Amino acid sequence: MDFLELAQKRQSCRSYANTPVEREKLETILEAARLSPSACNSQPWKFYAVTNPEKCAQVALATQEDGLNKFTSHCPAFIVITEETALLIAKGGMKPNQKWAKFDLGIATICACLQAEELGLGTCIMGSYNSDKIKEILGIAGESPVAIVIAVGYPASPELRPKKRKALGEIASFIE
C-alpha cells in the first residue's frame with residue numbers, strides 16, 4: 001500500500017487477538033524505529049520489546065494504575081522506549097541537550113507504529129503508565145525515564161473505525 005493508505009489504515013488498537021507476535025516482526029518494527037531521524041543523529045532512545053507473558057501482564061498493570069488502558073490485559077507484546085541522553089553535535093563538540101529528544105522519540109514511535117501496521121499488527125501508544133514500575137519490571141537501571149509504551153498485537157477485528165480529523169482547510173494554509 002502507499003504511504004497515505006498506510007496512514008489512513010493505522011489506528012489505536014484496543015482489542016487484541018490471543019496470538020503471539022513473532023520476534024521477526026518485532027525486529028522489523030524496531031529496525032524502522034532505529035532508522036528514524038533524530039536531531040544531529042543523537043538517537044536518544046533505547047527500545048525494549050516485551051513478549052514474556054508474565055512481564056506483559058505486569059507491564060499491562062503498570063499502564064492501568066490510573067483506571068485506564070484495561071485492554072492491555074490482553075496485549076501479547078509491548079515496546080517500551082526510554083529517553084536516553086541526547087548528544088548533539090554543535091560548535092565546541094558533543095553536548096548533552098534534551099531539547100529535541102521528545103520530538104525524536106515521537107518520530108521513532110510513529111515509524112514503529114506505521115511499520116507494525118504494514119506488517120498487519122495493531123498498536124496503541126499509551127498515555128498513562130507508571131514509569132518507575134515498568135523500569136523495575138524490566139530491570140532497566142539508571143536515570144533514563146520510560147518515555148513511551150506501545151501496545152502491540154494482532155487486532156481482534158479487522159474493522160477500521162472512521163477517522164475523525166479536521167478538514168485540511170481548517171488546519172493548513174498555502175502561502176503562495
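Tutor: Contact here means heavy atoms within 4.5 Å. The model is predicted, so local features need pLDDT of at least 70 and side-chain atom pairs count only at pLDDT 80 or more, while totals for chains, interfaces and linings use all residues. Residues are numbered from 1 along each chain as its sequence is written, and side-chain values use heavy atoms, with hydrogens and water left out.

The account may start from a helix. Helices (H or I, at least four residues) and strands (E, at least two) are DSSP runs, numbered from the N terminus. Helix α2 has 12 residues and reaches 16 Å from its first C-alpha to its last. This is close to the 16 Å expected at 1.5 Å a residue, where the expected span is 1.5 Å times one less than the number of residues. In α2, the residues Leu26, Ile29, Leu30, Ala32 and Ala33 are buried, that is, under 20% relative accessible area, as against over 50% for exposed and in between for partly exposed (1.4 Å probe, protein chains only). They lie on the same side of α2, because they cover an arc of only 155 degrees around the axis; the arc is taken from the directions from the helix axis to the C-beta atoms. Among the elements that cover these buried residues are β1, β2, α4 and β6.

β6 runs antiparallel to β2, to which 6 bridges join it, and Val146 of β6 is the bridge partner of Thr82. β6 also pairs in the antiparallel sense with β5 (residues 122-125), over 4 bridges; two strands pair if DSSP finds at least two bridges between them. In this second pairing, Ile150 of β6 is the bridge partner of Ile125. Leaving aside neighbours within four places in sequence, the contacts of Ile150 include Ala77, Ile79, Ile81, Thr109, Cys113 and Cys124.

The last two residues raise the matter of disulfides. A disulfide is a covalent bond between the sulfur atoms of two cysteines; the cut-off applied is a pair of cysteine sulfur atoms within 2.5 Å. A search of the whole structure finds 0 of them. Cys113 is in none, as the nearest cysteine sulfur, that of Cys124, is 8.6 Å away. Cys113 counts as buried, at 0% relative accessibility. The sulfur of Cys75 is 6.5 Å from the closest cysteine sulfur, in Cys56, and therefore too far for a bond. Cys75 likewise counts as buried, at 7% relative accessibility.
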